[in-house]
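Let's take a friendly walk through a protein model, starting with a single residue and then stepping back to see the whole chain. Keep the structure open beside you as you read.

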Amino acid sequence: MRHYRIAILPGDGIGHDVIAEGLQTLQQLAELSGDFRLDTETFPWGCEYYLQHGRMMSADALKIIEEFDAIYLGAVGFPSVPDHISLWGMLLPIRQSFDLYVNQRPIRLLPGTEGPLRGHGPEDIDFICIRENTEGEYAGVGGRSHRGAPAEVALQTSVFTRRAIERIMRYAFALAEREGRRKVTSATKSNAQQYGPVLWDEIHAAVAAEHPTIETDKWHIDALAARFVTHPQTLDVVVASNLFGDILTDLGGALQGSLGIPPSANFNPDAATRRGPAMFEPVHGSAPDIAGKGIANPIGALWSGQLMLDYLGEHAAATALMRAIETVTAAKQVRTPDLGGRATTQEMGDAIRAALRLQEVAS
Ligand code: GGG
């Protein structure tokens with residue numbers, strides 16, 4: 001029996017609802033498989049915790065979760081706490097401290113779901129976004145002075161390093177080769193920003209030359225955002241800096257018909273330099289407008305759990321979970337309000353677990 005220790009961080013808002021469904025589903029999978037066990041510990045960190053303790057996580061949080069095999073996170077942020085405090089108190093320190101430099105986000109129109117693009121079905125919307133996850137526009141470098149005065153200044157500096165760009169480019173091209181993808185598309189803005197994105201482009205060209213079997217192209221971020229809508233069928237693997245990747249993947253969620261659907265995996269693929277657990281989280285945030293109503297779509301969280309199982313090496317269980325999610329979306333019987341239905345979070349979770357029970361989950 002294989003054992004995995006999973007740190008559960010529901011976080012804020014609908015994070016609680018969707019992680020509850022995800023966890024129940026993952027535990028059911030472990031039971032059906034009989035080959036592995038998930039030992040979980042849930043941590044109360046988030047905005048409620050901040051209001052009580054003046055910090056988003058306990059002082060020793062990173063040290064505590066460092067010992068786990070993976071982190072399963074819901075959402076971070078709530079109107080009760082300024083967004084830059086909540087993000088920099090929880091999500092971003094986890095990504096940076098453990099050097100989880102790949103943020104992998106599949107964008108795929110699931111069977112039975114409808115995106116907003118006329119004439120583009122599941123055969124056209126199927127690509128993977130690779131977001132650099134440790135620096136760029138999210139480096140956290142800058143400052144403010146003369147606060148409140150007319151002369152007030154705020155500087156937010158993007159940081160682009162050769163090391164970080166090289167490793168994310170290498171990962172994107174290697175992924176394309178491994179997954180049988182044809183092309184890597186790079187997001188840039190090297191016309192207006194003449195330092196960081198120019199280094200990004202130079203390294204993109206150098207790494208592309210090492211992978212002659214993979215086609216490549218690059219687009220300025222504004223044009224690429226338009227291409228997501230007009231030519232999604234031309235995208236295969238998209239590699240982007242931290243902020244560009246964040247924006248493009250929300251757009252990707254829209255192409256999938258709902259931001260409740262896309263998942264994400266934050267990890268360091270290099271075993272030799274790994275120094276902490278990988279983290280799995282739906283792309284969506286805490287959705288304060290529907291928090292506590294029990295109607296959030298749990299698919300993004302379940303799909304993130306599926307990526308976690310795959311990362312842990314539980315491939316049969318991961319395949320079974322993806323099949324169960326697709327069975328339920330294809331049937332169109334159970335749909336949460338974001339997909340045009342009236343089902344609750346729990347009813348969607350129940351339907352996916354029922355579909356799982358009909359499958360073989362042996363490894
Ligand atoms: N699922 C985690 C979450 O709350 N995401 C919302 C968010 O604001 N994320 C910012 C980011 O991924 O950079």
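## Two residues and the whole fold

Glu21 is found in helix α1, which covers residues 14-33. Keep in mind that you are looking at a predicted model. Is Glu21 buried or exposed? Its relative accessibility is 7%, and because buried means under 20%, Glu21 counts as buried. Which residues does Glu21 touch, once its neighbours within four places in sequence are set aside? The contacts of Glu21 are Pro298, Leu302, Thr345, Gln346, Gly349, Asp350 and Arg353.

Now find Pro263, which lies in strand β11 (residues 263-267). Pro263 has a relative accessibility of 0%, so it counts as buried too. Leaving out neighbours within four places in sequence, Pro263 is in contact with several residues, including Gln104, Arg105, Pro106, Trp303 and Leu307. Take Leu307 as an example: it is 44 residues from Pro263 in sequence, yet their C-alpha atoms are 8.0 Å apart in space.

Here are the two residues side by side:

| Residue | Element | Relative accessibility |
|---|---|---|
| Glu21 | helix α1 (residues 14-33) | 7% |
| Pro263 | strand β11 (residues 263-267) | 0% |

Time to zoom out. How many helices and strands does the protein have? You can look for eleven helices and twelve strands. The radius of gyration is 20 Å, close to the 21 Å given by the globule rule for 363 residues, so the protein is as compact as a globular protein of that length. Along the principal axes, the C-alpha atoms fill a box of roughly 55 × 50 × 40 Å.

What share of the 363 residues counts as buried? The answer is 54%. Contacts across the sequence are part of the picture as well: among contacts with a separation of 6 or more, 76% are between residues 24 or more positions apart.

Finally, look at how the chain is divided. Domain 1 takes in 1-104 + 264-363, while domain 2 covers 116-255. Where the domains meet, 14 residues from domain 1 and 17 residues from domain 2 take part in the contact. The C-alpha centres of domain 1 and domain 2 are 24 Å apart.

Key: Residues numbered from 1 in each chain as written. Predicted model: local features only at pLDDT ≥ 70, side-chain atom pairs only at ≥ 80, totals over all residues. Heavy atoms only, no water. Helix = DSSP H or I, 4+ residues; strand = E, 2+ residues; numbered from the N terminus. Rg over C-alpha atoms; globule rule 2.2 N^0.38 Å. Buried < 20%, exposed > 50% of the residue type's maximum accessible area, 1.4 Å probe, protein only. Contact = heavy atoms within 4.5 Å. Domains from an automatic or database assignment.
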